[in-house]
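Subject: Structure handover

Hi,

Here is the structure I promised you. Please open it first, then read my notes below with the viewer at hand.

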Amino acid sequence: FTIIMWPDENADFLKTIDLVKSNAPHKTMLSIWGWEKLESEEDDTDSLAKEIGGAKYAVSQGLNQGQYYGITVIDTVKRVLPSNIEDIAWDDPELLKRYAAIVRRLKTEFVNPPNYFVIANESDVYFDTHPDEIEAFLKFAASAQKTVKDIFPTAQVGFTVTFEGLSKGGTRAA
């Protein structure tokens with residue numbers, strides 16, 4: 001059983017945690033945050049602490065098998081970067097520096113490293129309308145993967161794509 005945690009949790013979250021703890025044989029934590037929710041501006045520590053509170057609580061309640069976290073820079077159809085760098089090129093060194101800083105801050109919040117770490121969610125949908133950004137993004141992704149592996153050495157790191165994108169062919173599949 002997997003609990004999917006999005007940035008804006010509803011009032012039933014605590015009940016859901018209890019239900020999973022009492023009924024599910026396999027408990028997996030899936031928490032994906034758009035970077036703009038964790039850091040509205042550089043060194044914004046309040047947003048990060050607030051947004052990951054639910055994930056920390058779930059882990060404290062035993063939902064710590066197969067932890068899957070992500071600080072995404074793409075969420076399906078849009079870039080999800082902090083506002084003061086939202087238009088920066090994917091391969092700009094400043095973007096890489098800032099991403100490394102937010103991942104390091106995430107590490108200080110968790111006792112156990114994630115098993116899986118995602119840097120972009122359903123990225124093929126975004127690149128279907130922004131094919132000119134793919135090459136620069138792949139440079140960012142390679143650097144981000146190295147950064148995450150340096151900070152969380154045992155994590156599997158990548159980005160997600162949709163089944164439709166893989167099966168459709170064309171730019172999205174490529």
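I will start with a charged pair. Lys146 and Asp150 form a salt bridge, with their closest N and O atoms 3.0 Å apart. Keep in mind that this is a predicted model. Both partners are exposed. They sit four residues apart in helix α7, so about one helical turn separates them.

Side chains of opposite charge can pair when their charged atoms come close. How many salt bridges does the structure hold? It holds three.

Another one joins Glu94 to Lys97, where the closest N and O atoms are 3.8 Å apart. Helix α5, residues 93-109, carries both. Because they are three residues apart there, the spacing is again about one helical turn. Glu94 is partly exposed, at a relative accessible area of 27%.

The remaining pair is Glu133 with Arg79, at 3.5 Å from N to O. Glu133 belongs to the loop between α6 and α7 (134-151), while Arg79 is in strand β5, so this bridge ties together parts that lie 54 residues apart in sequence. Is Glu133 buried or exposed? Its relative accessibility is 16%, and the cut-off for buried is under 20%, so Glu133 counts as buried.

Now the overall picture. The protein has nine helices and seven strands. Of its 174 residues, 44% are buried. Take the contacts with a separation of 6 or more: 76% of them are between residues 24 or more positions apart.

Val103 is in helix α5. Its relative accessible area is 0%, so Val103 is buried. Leaving aside residues up to four places away in sequence, Val103 touches Ile71, Phe117, Val148, Ile151 and Phe152. Take Phe152 from that list. Val103 and Phe152 are 49 residues apart in sequence, yet their C-alpha atoms are 9.2 Å apart in space.

Val80 is in the loop between β5 and α5. It is buried too, with a relative accessible area of 4%. Which residues does Val80 touch, not counting residues up to four places away in sequence? They are Gly34, Trp35, Glu36, Thr72, Val73, Ile74 and Asp75. The C-alpha atoms of Val80 and Ala120 are separated by 9.2 Å, although the two residues are 40 apart along the chain.

Ser123 is found in helix α6, which covers residues 123-129. At 1% relative accessible area, Ser123 is buried. Beyond residues up to four places away in sequence, Ser123 touches Ile74, Phe159, Thr160 and Val161. Ile74 is also on the list for Val80.

Next, two backbone details. Glu122 is not a glycine, but its phi is positive, at about 50°. It lies in the loop between β6 (116-118) and α6. Glu122 counts as partly exposed, at 28% relative accessibility. Thr76 also has a positive phi in a residue other than glycine, near 60°. Find Thr76 in the loop between β4 (74-75) and β5 (78-79).

Last, the empty space. Rolling a probe the size of a water molecule over the atoms shows where such space is left. The largest pocket holds about 200 Å³. Its lining has 13 residues, and Phe127, Ile134, Phe159, Arg172 and Ala174 lie nearest the centre. Phe159 is also one of the residues that Ser123 touches.

Which helices each supply at least two residues of that lining? They are α6, α7 and α9 (170-173). By type, the lining divides into nine nonpolar, two polar and two charged residues.

- Val103 in helix α5, with Phe152 among its contacts.
- The largest pocket, starting from the residues nearest its centre, Phe127 and Ile134 among them.

Best wishes

Definitions and conventions:
Residues numbered from 1 in each chain as written. Predicted model: local features only at pLDDT ≥ 70, side-chain atom pairs only at ≥ 80, totals over all residues. Heavy atoms only, no water. Buried < 20%, exposed > 50% of the residue type's maximum accessible area, 1.4 Å probe, protein only. Contact = heavy atoms within 4.5 Å. Salt bridge = Lys/Arg side-chain N within 4 Å of Asp/Glu carboxyl O. 1 Å grid on protein atoms, 1.4 Å probe; cavity = no way out; pocket = protein on both sides within 12 Å on 5 of 7 lines; lining within 4 Å. Points joined across faces, edges and corners; volume = space filled by probe spheres on them. Nonpolar A, V, L, I, M, F, W, Y, C, P; charged D, E, K, R; others polar.
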